Amino acid sequence: MDFLQYILAFNSESPLLFTQFYFWAFFALVYALFALIISLPFGKESGLGSPYGKLHLRNVYLMFVSWFFYYKTSGLFLLILAFVTLSDWIIAGRIKSAISNHKPQIAKGLLCLSVIIDLGLLAYFKYAYFFTNMVNDLFGTGFRVFDIFAYIGNGFAEAGRFSVDTIVLPVGISFYIFQVISYTVDVYRGRVQPVKNILDFGFYVSFFPQLVAGPIVRAEEFIPQLYKPFHLSRRVFGIAVFWILNGLAKKIIMSDFLAVNLIDRVFNNPLLFSGFENLFALFAYSLQVYADFSGYTDIAIGLAMLMGFYLPMNFNSPYKSQSPQEFWRRWHMSLGRWLKGYLYIPLGGNRKIGFGTYFWLSLIAFVSAALTNWWWQILVPFALFMLVVAVINTAPFRERWGTDFYKLLYSNLNSFITQVLGGLWHGASWNFIIWGGINGIGMIVEKIWRKMNWHLRFLSITILTFGLMALDYFYGLPVWRLFLVWSAIIWIGTAIRYVYWLITQDMTINCQLSIINSQLSKAWAILQTFTFITFTRLFFRSSSNLDPATANEVAWETARNMVNQIGGAWNNAIIPEFLWAYKSVVAMFVAGMLIHWLPTNWKRRYRLAFSAMPLWLMVIVVCLAIVVIYQFVTAEMQPFIYFQF
Amino acid sequence: MKPYQVLIFIACVMAGLATLCVVLPGRIALGATELKWPALTEVLGIQKTPDTIIPVDTIVQLDTLLLPDTITQQDTLIQPEQPLSPAIAKNDSIAPQKEDNCQLSTVNYQLSESDSRIFLRTFYASLSQSGKQVVRVLHYGDSQIEEDRMTQQIREALQNRYGGSGVGLMPLAQTIPSRTVKQQLHMNGRQIQPAQGPRRFIVYGPKRDRRDDGLYGVMGQVAVMNDSLVPGSEKLMAVCTPQDPKNRYTKWQVLADSAIQYSFSRDTVFLSGKGNVYGLSQESDTGLIVDNIPMRGCLGLVFTKMDSAQLADFYREQNVRLIILQFGGNAIPFNETPSTIQGIVRGLRKQVQYLRMLAPEASFLFIGPSDMLTQIDGVWQTYPMVPYMDRLLQQMAQDEQIAYFSLFRWMGGSGSMAKWQETGLAGEDGIHFMRSGARKAGNAVAKWILEGMENE
């Protein structure tokens, strides 16, 4: 009985994770029944009294399997998943009817209702602490969160069964809420037909490989697959196995090893480590977060493929990006596409700005003022800025300044909002908002930078560097020192390229020199983008996995301490000592980055070579790979080493 | 491919791995390296991976302190992994780690002869003078007390009860920030980072940062203003702002050579001249002053390298009546055998003897290491030497007649750090407390000291 309970009941301490044996045993059993259903001797048009026959049976089966998976991970939060499934299915159906009956206002109202319900649930579970703290900070009140669902639950169960004092975030809610929103909006836009059977729809919402951490599958990408028969080519099978192994290796060999042996220690207590160690940990974190997240989605994509479903690509070697904008096209692509389709474009994209743009910008300014307590310092310049934007957005100016300028303006404003709200989606902490904001500003600065000519670029970076030198000299804060060093590095790169441009602008240069210049420029852009993204992670990592009640304070202090260490307590003398003591961590980081930067063609080639292996050889390779991966699961942690000041 | 073919593939992989589990369970030597592979029973969860994490409640009952004389007999016989017999009687009143404040127990009891707080009697007696003069407590420790962790709670508890204010000693250049006092350093009119300030020598630092004459001051670190190796003149201004308003605008004290000129203005100290600065202190004229002196990475074996006359003068002149030593944790990750641990404890004993010689009026309290975890075979476990070191330190304390607080046992014994991690009290390194954990531990030590006074 105990064993059965262990297998079937929810236990918050043993969720179903892709890295555990239990999950793979679960998957093997699920697949056995799946194979049986697919092999049933009746076709699409017959059997079981359903219009879709075994496809429907397959979908229903996978939905219940997915619900079990979610129950094992999140327990009774399954009810939330069931609720949004039901709610969006019903509303989307009504929207379709309203549109068919030429009642667009009703359809719009229903869409708003659906979005309010979905985002309301997300806000409740994810942002309750954030908003409570903000209200308390603003008005000096002492409100505390109260979990109404736990209160209701206690009415049904015995009193005190659920704690009403804390609100626990259901696993994966950010992902599936976005999925159901995409469905309802796509139905409203007429891009997909409403799913007739709620169980089919339930399968789309809860498909277990991507349920808890994405990729976020948009309705128009997945709904058509519900009605397609199973098909898995030999090559796709090989690729699927490759993705699964690749994901496991990324997660266990790269991500966990780096985290346990260095990153967690440093972020936990940055003051124990020198500036160099903090900086190294920050760069290593950039790799870790990529390996972790993309590892998960690699496995999800591979699993879905084995069942004949195709999930969208979620990462495309993001650290090969040459600009922040490109980075966001390569990183967490399913979220980027979602935000673009359901936030950036509705805000106006690069075509216009409207009420939404003004509203969100004002809200961001207000929140920033509240955060920093710099009310007039932020709100006055912001009001002036908004006034200028409103004035230049009038017809006479538009005619005079041309489309390009306005495209840049609209696109920058709307993408800044998208980035900040995208940051907030990641978690309820000021640091995530700052993280999003920095990404937004980075994208804007980079776009403007690219539009500048070389004279202007050199002039602006020179002014910036001198400004930072002055700030560093007079105020001596680590943050200025940090910016100064970075700015000086960019200045050197810019100066070299500026001189090159000055020399070569009026002469014909030979092809080889031009290629070298282009390759060096590319490498330089990749390095700068990687560095920029890494520094934004300072705020990202500091906010992750924190108790929401204290997240703001702890996250901010961690980020500040790391900046202080990087900008202040550098200590060159211990660098060789550190590199030697942490040689395996350093080697892992270097190897990880080198693999990441391998040309895409090479990666494609070895992927195809793997998929073309004879099956018997593939079995052996998979077994050997798992043995190697296991060595890292059980790797002994390196002893904690102190480096004295 | 047909689904059944995929299923056969999955089955073959699983069969292959299961065969390995049967054929090659455990560790397989492969040249210089060692491969690990689990047994089938382990994979299926029939036989769980050995997990030394024992529920805290069990440990608190089981892992009670040894009678000192029992330890004497068993000292060299104790094996690190050997469980303690419940029959070995409880003899100390370190409470299980439940309290998170310094509220004293209302139950009174007499300190028994076997309660190590009996060795704090001289300190307890000196507290009666706190209304008229300063009674000083020095808290030396490793990184566990950095940022004024733990010391802050001890200070607050003692000052609330026996008067006094001020944060006590701080270095001239605060390279590691403190939770209780923020410092800004200005040199020749511009703000600088601590590392940009005067040359520092640190007794617990690497060789390049040490000096031969042993003149490190009471904090074990000294800043040398206008050092001949650093060109240019240094005029320093240190703005030190205690975070607790009650500690602001207390008296300043500068521990420095006579060649250093200094003046004060509220929370700011101005220094000029050439010579050694051993530290600054913000403190009241009377009452308890509790100094936080963290020594990162230190084993606690450095006091004998510090100038004896300088230390003795300070201890006498500043009426140091309690010296708390909190060391031992740094020995754990790098010493895996009982004999090396014994060697370190012998070294610590010498330090205690040395300090007692210099501060004959002072009582001593030794706080042992906390529980510390390492990952072995993928499982977080207590370093095998932690319980052993804890016992040896307690024995050493008993022999030297000083008080001993077992942080390890107070936390709950072996594996308790994992529980602390789960509740956010300890960091992910399995070694350091988070701020909340340090507060809890600091309160426990303060309460333990004060209850000893109440029942003395």
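In α4(A), the buried residues (buried: under 20% relative accessible area, with exposed over 50% and partly exposed in between, for a 1.4 Å probe and protein chains only) are A:Leu78, A:Ile80, A:Leu81, A:Val84, A:Thr85, A:Ser87, A:Asp88, A:Ile91, A:Ala92, A:Ile95 and A:Ala98. This is a predicted model, in which local features need pLDDT of at least 70 and side-chain atom pairs count only at pLDDT 80 or more, while totals for chains, interfaces and linings use all residues. Residues are numbered from 1 along each chain as its sequence is written, chains are lettered from A and ligands numbered from 1 in the order in which they are written, and side-chain values use heavy atoms, with hydrogens and water left out.

Helices here are DSSP runs of H or I with at least four residues, strands are runs of E with at least two, and both are numbered from the N terminus. Helix α4 of chain A covers residues 78-100. The expected span of a helix is 1.5 Å times one less than its number of residues; for the 23 residues of α4 this gives 33 Å, which agrees with the 33 Å between its end C-alpha atoms. The buried residues of α4(A) pack against α3 (54-74), α5 (104-139), α7 (173-189), α8 (198-206) and α9 (208-211) of chain A, where contact means heavy atoms within 4.5 Å. After the helix comes A:His102, with a positive phi near 55°.

Side chains of opposite charge can pair when their charged atoms come close. A:Glu557 is buried, at 13% relative accessibility, whereas B:Arg435 is partly exposed, at 25%.

Within chain B, B:Arg349 pairs with B:Asp399, the closest N and O atoms being 3.3 Å apart. This pair links distant parts of the chain, 50 residues apart: B:Arg349 is in helix α8 (residues 338-358) and B:Asp399 in helix α9 (residues 385-400). Both count as partly exposed, B:Arg349 at 23% relative accessibility and B:Asp399 at 40%. A network of salt bridges links B:Arg349 and B:Asp399 with B:Arg356 and B:Glu400.

Helix α9 of chain B also holds B:Asp390, which forms a salt bridge with B:Arg409 (2.1 Å, N to O). B:Arg409 is in helix α10 (residues 407-411), 19 residues from B:Asp390. Both of these residues are buried.

Key:
A salt bridge is a side-chain nitrogen of Lys or Arg within 4 Å of a carboxyl oxygen of Asp or Glu.
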